[in-house]
Amino acid sequence: MENQELIPHLFRTEYRKITAVLGKTFGLEHIEIAQDIASDTFLLASEMWAIKGAPDNPVAWLYTVARNKTLDYLRRDKLFKEKVSGQLVRNNPVDDEIDIDLSARNITDSQLQMMFAICHPSLPVESQIGLALNVLCGFGINEIASAFLTNKETINKRLYRAREKLRAEQVKMEFPDETEIELRLEAVLKTLYLLFNEGFYSAGKDVTLRKDVCIEAMWLTKMLTENPGTDRPPVNALLALMCFHASRFEARTNPEGETVLYQDQDDSLWDAALISRGECYLNRASVGRQLSRYHLEAAIGYWHTIKADTPEKWEHILQYYNQLLILEYSPIAALNRTYALAKARSKADAIREAEKLNLAENHLYHSLLGELYLGIDDVKALEYFNAALGLAKSRADRLLLVEKIRKVGEVG
Amino acid sequence: MGGFTGFMIFLKKIKLLSSRAPVIRQQALKLKPYITMKDFLFVFRNDPAVMAGMSPAELQTSMKKWMDWIGGIAAQGNLVDRGNQLANEGNVVRPAKVVTDGPYIETKESVGGFIMVRAESLDEATEMAKGCPILSAGGNVEVRPIIRM
């Protein structure tokens with residue numbers, strides 16, 4: 001691997017490890033210092049390796065440098081050392097020399113504990129996602145701002161408040177106890193799910209960045225499946241769901257960066273390896289007696305990996321949407337269920353149900369009705385598409401609608 | 001679909017279990033904060049012999065109709081509680097602590113289950129109940145406003 005590939009690759013895998021271990025060493029209240037040291041380590045790597053070439057064992061090099069930088073920092077900043085070393089001495093009463101534990105075990109534990117800390121229920125969910133991207137995925141403020149379609153100031157403020165809140169709540173980096181783990185894990189899964197969706201459905205134009213967000217969400221979820229304490233059925237179901245969706249990543253945008261709708265996608269571009277990994281995780285999720293929303297969404301995702309438009313496929317999708325909505329309402333599930341109803345039964349049935357949805361402020365509601373009226377009443381279809389266009393905000397959505405309106409015009 | 005069969009088997013096992021847990025739908029409560037909205041109990045009554053006489057295929061079709069109907073209510077954000085099915089057997093405790101078996105086997109109008117929905121008025125709730133598949137199987141739906149204490 002060349003340096004220009006090696007460093008970004010290592011940054012993806014090692015930044016969060018170094019940050020998590022140092023964060024745990026210093027305590028979560030000093031998380032920025034941990035992040036600074038991790039960033040400095042990579043900065044030095046890119047300078048040194050450009051001149052001398054990469055070392056034989058780049059990961060070991062990074063850990064050594066991070067350790068030395070930490071010790072330097074502690075030596076330079078006496079005040080910080082006093083504050084932190086009190087805690088370190090408590091942790092290692094035998095050793096008074098500060099040690100930074102970069103064992104595989106501590107690396108894994110620290111990352112998982114960091115995940116639980118960041119997904120603390122006291123934080124608003126958008127702060128959790130922001131922190132996850134920043135601390136666990138090493139995304140810069142610019143990248144996070146463009147993933148969220150907002151500006152740097154907003155993200156800076158959001159992260160600042162989130163860190164303050166973690167301090168105020170005295171959140172510690174530790175595993176929740178057995179009585180709490182289910183609820184805390186639920187919060188972690190929700191954040192990972194939203195993080196993935198942020199990448200998958202965001203209207204941001206940077207396709208590579210959006211894909212990176214999805215991959216990171218998958219990495220973090222996979223890490224949970226690899227730890228016995230967190231390897232639970234809903235976690236596997238969530239990972240299955242992500243695999244099924246991610247399998248369509250290459251097919252869902254054309255070379256111009258425009259969205260290609262599901263039914264128009266070239267299924268030879270769907271990633272078969274990811275689909276079969278998804279199946280594997282879904283089967284691993286199929287134990288116990290808990291049927292989570294992730295199970296149902298994964299099952300819906302599974303049927304979408306089968307291109308053939310059979311009534312069987314849509315009947316299954318419809319029934320999973322019914323169950324999903326009974327478990328938890330969401331506007332998007334309500335709209336998707338109605339689309340599945342049209343496919344499994346008839347457009348007339350679906351129109352009747354769609355009109356009861358009370359989602360008139362949602363542009364997708366109007367696009368759905370437009371879609372359902374196509375071929376039944378094209379004038380009405382056009383009215384709905386135009387109403388949708390009036391409400392749609394993102395460029396990608398508007399482009400799709402303009403194209404639909406053009407097509408209706410051609411037929412009429 | 002080799003990779004999927006494990007999940008299908010799991011789903012068959014779990015269906016009965018998951019229907020036991022009542023789910024309070026906080027999401028729906030958040031979405032519909034209108035003061036005018038009220039909660040209603042739908043009580044389903046039918047002759048137990050109807051379901052007992054169904055073939056597995058008929059049962060499956062019936063199940064789908066129920067899921068489509070309840071799914072439709074849920075899609076409007078109006079399902080407050082998915083409710084539960086009731087077993088046919090049971091006891092009735094009468095004055096002087098006399099206990100009798102539920103006379104359910106003979107009755108044509110045995111309570112078989114319930115759900116809770118949200119609607120603006122009794123009329124609207126009644127309209128919702130008109131879609132219930134029990135009506136085409138000889139049963140009925142009692143619609144009762146819930147008075148919150």
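Modeller: Two residues are in contact if their C-beta atoms, placed from the backbone, lie within 7 Å. The model discussed here is predicted.

Colleague: Which residues does B:Val117 touch, leaving aside those up to four places away in sequence?

Modeller: With those excluded, B:Val117 touches B:Phe40, B:Phe42, B:Ile73, B:Asn78, B:Leu79, B:Val80, B:Ala125 and B:Met128.

Colleague: Which members of the largest nonpolar core touch the most other members?

Modeller: A nonpolar core joins buried residues of nonpolar kinds through their C-beta atoms. Here the largest such core holds 125 residues, and A:Ala240, A:Ala298 and B:Val117 touch the most other members. Helix α11 of chain A, residues 233-246, supplies the largest share of this core, with 10 residues.

Colleague: How many residues of each chain take part in the contact between chains A and B?

Modeller: The size of an interface is often given as the accessible area lost when the parts come together. Counted by residues, 25 of chain B are in contact with 25 of chain A. On the chain B side, the elements giving two or more residues are α1 (5-18), α2 (26-31), α4 (56-75) and β2 (79-85). Of these, α4(B) gives the most, eight residues. That side of chain B comprises 13 nonpolar, eight polar and four charged residues.

Colleague: How many helices and strands does chain A have, and what is its radius of gyration?

Modeller: Chain A has 19 helices and zero strands. Its radius of gyration is 24 Å, close to the 22 Å that the globule rule gives for 412 residues, so chain A is as compact as a globular protein of that length. Along the principal axes, its C-alpha atoms fill a box of roughly 80 × 50 × 40 Å.

Colleague: What percentage of chain A counts as buried?

Modeller: Of its 412 residues, 41% count as buried.

Notes:
Residues are numbered from 1 along each chain as its sequence is written. Chains are lettered from A and ligands numbered from 1 in the order in which they are written. This is a predicted model: local features need pLDDT of at least 70, side-chain atom pairs count only at pLDDT 80 or more; totals for chains, interfaces and linings use all residues. A nonpolar core is a set of buried Ala, Val, Leu, Ile, Met, Phe, Trp, Tyr and Cys residues joined through C-beta atoms within 7 Å. A residue is buried if 20 or more other C-beta atoms lie within 10 Å of its own, exposed if 12 or fewer, and partly exposed in between; C-beta atoms are placed from the backbone. Helices (H or I, at least four residues) and strands (E, at least two) are DSSP runs, numbered from the N terminus. Ala, Val, Leu, Ile, Met, Phe, Trp, Tyr, Cys and Pro count as nonpolar, Asp, Glu, Lys and Arg as charged, and the others, Gly among them, as polar. The radius of gyration is taken over C-alpha atoms; the globule rule is 2.2 Å times the number of residues to the power 0.38.
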